[in-house]
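The sequence and the model come first.

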Amino acid sequence: MGALLLFLFVFANQVIGGFNKKLPPPSYGDTISILSIDGGGIKGILPTVVLEDLEQALQIVSNDKNAALADYFDVIAGTSTGGIIATMLAAPNPNDTSRPAFTTPEILEFYLKYGPSIFNQTSASGWTEDSPRPKYDGIFLRDKVGEILQETRLHDTLTNLVITSFDILKLHPIVFSTFKKDVPGLDAKLADICIGTSAAPSQLPPYQFLNGFNIFNLVDGFVTAANPALVAVSEVIQELNEKNSNFIPVTANKPTKIVLLSIGTGRNGETQGVDANIARFISANNWIKVMSAGLAMSAQHMNEYHLKAVFPDLPSSDNYHLRIEEYNLDPSMGADNVTIESMENLIQAGKDLLEQNVKVIDINSFLPLEKPSEGTNAEALERLAETLYNEKQLRLKRKSMEKTGGSFTEAIASPFLMSGMK
């Protein structure tokens, strides 16, 4: 009988992992999982390579070759190109709405195949920083995203989606979030959201669209949050504070853990500031350029600063934040450099990043520091895959027990026992 129960338990785990793709809400588990992807144009290739490694790790640990990131993350957030990646991961496939629209290898193929058409050098011909138009016309991206996502809306996603943008008419951030069900107009078409979050000022045209009675005039989510991790964490904490039934844990007195994977698109290690003695003689127009670069870097640093309050680097902390970023990316690999050589270099940069040791940002010096105790980024992703898998199994087990009113083993075993398998 003991051997039978062991067999049934193993079999049940395979059934749960292989056939039930849907991740039950966090209320059935112990940990809320968040994936966040930065903006960066064609440099979205880099986080895609990292995510492909994680997806493969999940497929191995679950023994399910079709396991996808949307099956394991409660929230997927993105800005700009990260917003497009996040949407591709969370949007349902039109041929099978229980599965995501894209796997990570397919997203990588999307960038390699369509990147040169999105950042079309013909449309950029004759453009200078003084030209009264964006560098690229944005037509191909708009048409291709519309073709892929069609009429799918925010509420249709397989898991919670959080995408940032900025309204240049209303002059405030726009956060498209599946959590904001009562906010007018935010349940927009995913195609419109993707074009809005990726409309990088000076690079692609601002995007205006109407959703119901609500009109949006959007530019790149980079203006709101180049790294959307803090926005995604804030959305989750709001749900916890508002006692959302999907987020209230089964064991009410047990603290809810948050696991955050945040992936960047690479920083240029050669970025230089300005000496104060030189800055005394900078013109007003040049100050705009200096501060634009400074504010972008400051926003990244302050993001890490605030996240430290949620993810303290302490052994006693239940929360965990893994940031994977290339802090010394070759400046030739720009956001709109779509030469074959540059895109191949981004793929290699992603592979190299996986072999680097895990790094954290010191919030006093704002410099990246290695954490040799955590090993490489690839090793950290393998551990994360196990955590995500075990959390999903826990939720499925608790949900099964809730439905049957009995023990998990009894719920699985009873059909076999009744059929004479004793």
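Serine 80 is buried, at a relative accessible area of 7%; buried stands for under 20% relative accessible area, exposed for over 50% and partly exposed for anything in between, with a 1.4 Å probe and protein chains only. The model is predicted, so local features need pLDDT of at least 70 and side-chain atom pairs count only at pLDDT 80 or more, while totals for chains, interfaces and linings use all residues. Residues are numbered from 1 along each chain as its sequence is written, and side-chain values use heavy atoms, with hydrogens and water left out.

Serine 80 lies in the loop between β2 (75–79) and α3 (81–90). Helices (H or I, at least four residues) and strands (E, at least two) are DSSP runs numbered from the N terminus. Aspartate 220 is in the loop between β8 (214–219) and α7.

An unreviewed UniProt entry lists Ser80 and Asp220 under "active site". The two span 141 residues in sequence, yet no two of their C-alpha atoms are more than 5.8 Å apart, so they gather at one spot. UniProt positions are given in the numbering used here, feature names are shortened, and annotations may be inferred rather than shown by experiment.

| Residue | Relative accessible area |
|---|---|
| Serine 80 | 7% |
| Aspartate 220 | 4% |

The side chains of aspartate 220 and serine 80 make a polar contact at 2.7 Å. A polar contact is a pair of N or O atoms within 3.5 Å; within protein, one must be able to donate a hydrogen and the other to accept it, and residues adjacent in sequence count only if both atoms are side-chain atoms.

Contact means heavy atoms within 4.5 Å. With neighbours within four places in sequence left aside, serine 80 is in contact with Gly39, Gly40, Thr197, Ser198 and Asp220.

Asparagine 214 in β8 is the bridge partner of asparagine 211. The hairpin of β7 and β8 has 2 residues between the strands, and glycine 212 there takes a positive phi near 65°. Leucine 218 in β8 stands opposite aspartate 167.

The buried residues of α7 include Ala229, Val231 and Glu235. Lysine 243, which follows α7, has a positive phi near 60°.

Note on methods. Two strands pair if DSSP finds at least two bridges between them.
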